[in-house]
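This report is written for a reader who meets the structure for the first time. Please look over the sequence and the model before reading on.

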Amino acid sequence: MIDISITIVAYNDEEDVRNAVCSIMEHTAATIKKKIYIVDNSTEKNALDSFATQWEEVGYRKPEQNLGFGAGHNYVLSELDSKYHAIVNPDIILKEDSLQTLMKFMEQNQVGMAVPRMTDEKGEFQAVYRRELTVLDMGIRMFLSSHFKKRQAYHTMQDMDYSKTFQVPFAQGSFLVIQTELFQKLGGFDTRYFMYMEDADLCKQVNQCSSLYYCPDTTVIHKWERASKKNGKLRRIHIASMFRYFCKWGWKLW
């Protein structure tokens, strides 16, 4: 068994995937036994297959179709033979040995899943930690994001002390480390979500049988594009996933 496995799901973002993989390889201690899986959902040609051959620890998988986010990560679920598993977006860059720090944090605190501190490329803190999802908060986020700032600050846990650890109901799935045994026991992501909200669903499942905690001991860079706010098709997929989430977990209004 290796220490940690990592999946990165690619979708027509070859440069980002290359940068994410290179940052992991550069900053993760050589003593950490790891395996990075690039699951390529891309519809455009790329050279990620040959890129992966540069390292023994990097594998390339190409499904026959675009599986979406959750099913893309699940594509290697049966192959995982690790103590911990990292779910990593292509737009993540490591600047330090975040994987080792998170594994140590999880070991010491006996938590099922952990999320690090996230900033943008300028070092600005990102509000990617959220309280329990409600219809009100999702409605504000999707349609009225320039209003109800106080409520949005509450929902994104901006009242918490980010120099300390605390339990998180929902952390964005850009960078999460989970016990592999727990991830496999849960069956990975719920693949009924093609994209969006599958991370909220996984966090809720983890918090029901274990716990998800914020780790203040390490920071990763997240080039957050908020694509569904700019693209009508992605926005419709996001809204459909919201309906699916609330149908599954109940329509908590506020």
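At what angle do the axes of helix α5 and helix α9 cross?

## Helices α5 and α9

In this predicted model, the axes of helix α5, which spans residues 135–143, and helix α9, which spans residues 232–249, cross at roughly 180° and come within 12 Å. Because angles over 145 degrees count as roughly antiparallel, α5 is described as roughly antiparallel to α9.

On the side of α5, the contact is made by V135, M138, M142 and F143, while α9 contributes R235, H238, I239, M242 and F246. Sorted by class, the contact of α5 with α9 consists of seven nonpolar residues, one polar residue and one charged residue.

## Helix α1 and its cover

Helix α1 runs over residues 14–27 and has 14 residues, and the reach from its first C-alpha to its last is 20 Å, close to the 20 Å expected at 1.5 Å a residue. The buried residues in α1 include D16, V17, A20 and V21, and S23, I24 and M25 are buried as well.

Several elements take part in covering the buried residues of α1, including the strands β1, β2 (34–40), β3 (58–61) and β5 (92–94), together with the helices α2 (48–52) and α4 (98–109).

## S5 in strand β1

Strand β1, made of residues 2–10, holds S5, and this residue is buried, with a relative accessible area of 1%. When residues up to four places away in sequence are not counted, S5 touches K35, Y37, L80, S82, Y84, H85, A86 and T180.

## Helix α8

Helix α8, covering residues 198–209, has 12 residues and reaches 17 Å from its first C-alpha to its last, which is close to the 16 Å expected at 1.5 Å a residue. The helix is mostly covered, since nine of its 12 residues are buried. These buried residues of α8 are E198, D199, A200, D201, L202, C203, K204, Q205 and V206.

## Cysteines

How many disulfides does the structure hold? The structure holds zero disulfides, a disulfide being a covalent bond between the sulfur atoms of two cysteines. C203 is accordingly in no disulfide, and the nearest cysteine sulfur, that of C209, is 12 Å away, whereas a disulfide would need the pair of sulfur atoms to be within 2.5 Å.

Is C203 buried or exposed? C203 is buried, because its relative accessible area is 0%, and buried means under 20%. C22, by comparison, counts as partly exposed, with a relative accessibility of 34%.

Terms used. Residues numbered from 1 in each chain as written. Predicted model: local features only at pLDDT ≥ 70, side-chain atom pairs only at ≥ 80, totals over all residues. Heavy atoms only, no water. Axes fitted to C-alpha atoms, helices over the stretch in contact; angles between N-to-C directions. Helix = DSSP H or I, 4+ residues; strand = E, 2+ residues; numbered from the N terminus. Parallel < 35°, antiparallel > 145°, perpendicular 65-115°, else oblique. Contact = heavy atoms within 4.5 Å. Nonpolar A, V, L, I, M, F, W, Y, C, P; charged D, E, K, R; others polar. Expected span 1.5 Å × (residues − 1). Buried < 20%, exposed > 50% of the residue type's maximum accessible area, 1.4 Å probe, protein only.
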